[in-house]
Amino acid sequence: QPLGISDEDVSSLFAMDRSLDQLKDLQKSDVNDFELIGAVELEKVNRLFDLFDTDKSGGIDFHELALGLRKFQESTKMEDLVEECIKVLDAFDTNSDEKLDRNEFARFIAHFAKMSDSKVSELIDFMIVTTALKENTEAEEKYVKSIGASDLYYWGY
């Protein structure tokens, strides 16, 4: 290897470059919530995104969002969680593809931290650990997966 750089080092540099590009894109947006997100937090948001994106499609759809958020809101009624997820998609799905991409998800997390008066890094750490360690119940998964496009339309999305 030239200069003693391993393949892993090269991969890390490319990943860091992609993260910096993503951070620049976020900071160009007209949403002030991104003042809260730095490069380290963005890497953590991307890790959380990967945990929510269970089908690895590159986007978090309604079902993945609902099941991901359920892990933090066990006492919330499922109907209320559905409405909350619809509001999140409506507010943050800026390209209207019915999914949150990485930037849209980062905007949501930054906004969520701001609204909950939490430090972004602490919130993300908590969410990553909780998402990784908690499983949804079979009943929760069945309920969320039973919601179809016509149901979402009924709720206003």
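How many residues apart are E141 and K145 in helix α7? Four, which is about one turn of that helix. Helices here are DSSP runs of H or I with at least four residues, strands are runs of E with at least two, and both are numbered from the N terminus.

A quick note before the views. This is a predicted model, in which local features need pLDDT of at least 70 and side-chain atom pairs count only at pLDDT 80 or more, while totals for chains, interfaces and linings use all residues. Residues are numbered from 1 along each chain as its sequence is written, and side-chain values use heavy atoms, with hydrogens and water left out.

View 1. To count as a salt bridge, a side-chain nitrogen of Lys or Arg has to sit within 4 Å of a carboxyl oxygen of Asp or Glu. The cut-offs are under 20% relative accessible area for buried, over 50% for exposed, and partly exposed in between, using a 1.4 Å probe and protein chains only. The structure holds five salt bridges, and the next two views zoom in on others.

**View 2. E140 pairs with R70 in a salt bridge.** Their closest N and O atoms are 2.9 Å apart. E140 belongs to helix α7 (residues 138-145) and R70 to helix α3 (residues 62-70), so this pair ties together parts 70 residues apart in sequence. Both ends are tucked away: E140 is buried with a relative accessible area of 12%, and R70 is buried at 9%.

**View 3. D125 and K44 form a salt bridge.** The closest N and O atoms are 2.9 Å apart here. D125 sits in helix α6 (residues 120-133) and K44 in helix α2 (residues 39-52), so the bridge links parts that are 81 residues apart in sequence. D125 is partly exposed at 34% relative accessibility, and K44 is partly exposed too, at 24%.

**View 4. D93 is buried yet has no salt bridge.** Look for it in the loop between α4 and β2 (99-100). Lys and Arg count as positive and Asp and Glu as negative, with His and the chain ends not counted. On that basis, the nearest side chain of opposite charge to D93 is R107, and it is 8.9 Å away. What D93 does have is a polar side-chain atom 3.2 Å from the backbone nitrogen of D97. As for R107, it lies in helix α5 and is buried, with a relative accessible area of 15%. R107 and A91 are 16 residues apart in sequence and 9.9 Å apart in space, C-alpha to C-alpha.

**View 5. Six phenylalanines, F49, F52, F92, F105, F108 and F112, form one aromatic cluster.** Rings of Phe, Tyr and Trp (its six-membered ring) pair when their centres lie within 6.5 Å; planes under 30 degrees apart are stacked, over 60 edge-to-face, and the rest tilted. By this rule there are six aromatic pairs. One of them is F92 with F108, an edge-to-face pair at 5.7 Å centre to centre, with 65 degrees between the planes. F92 lies in helix α4 (residues 78-92) and F108 in helix α5 (residues 102-115), so the pair ties together parts 16 residues apart in sequence. F92 is buried at 12% relative accessibility, and F108 is buried at 4%. F108 also pairs with F112, this time tilted, at 5.9 Å and 40 degrees. Being four residues apart in helix α5, F108 and F112 are separated by about one helical turn. F112 is partly exposed, at 28%.

**View 6. The largest nonpolar core has 34 residues.** A nonpolar core is a set of buried Ala, Val, Leu, Ile, Met, Phe, Trp, Tyr and Cys residues joined through side-chain atoms within 4.5 Å. Inside this one, L65 and F105 have the most contacts. Helices α2, α3, α4, α5 and α6 each give two or more residues to the core, and α4 supplies the largest share, eight residues. Which residues does L65 contact, leaving aside its neighbours within four places in sequence? They are F52, I60, C85, V88, L89, L100 and F108, with contact meaning heavy atoms within 4.5 Å.

Technical notes. A polar contact is a pair of N or O atoms within 3.5 Å; within protein, one must be able to donate a hydrogen and the other to accept it, and residues adjacent in sequence count only if both atoms are side-chain atoms.
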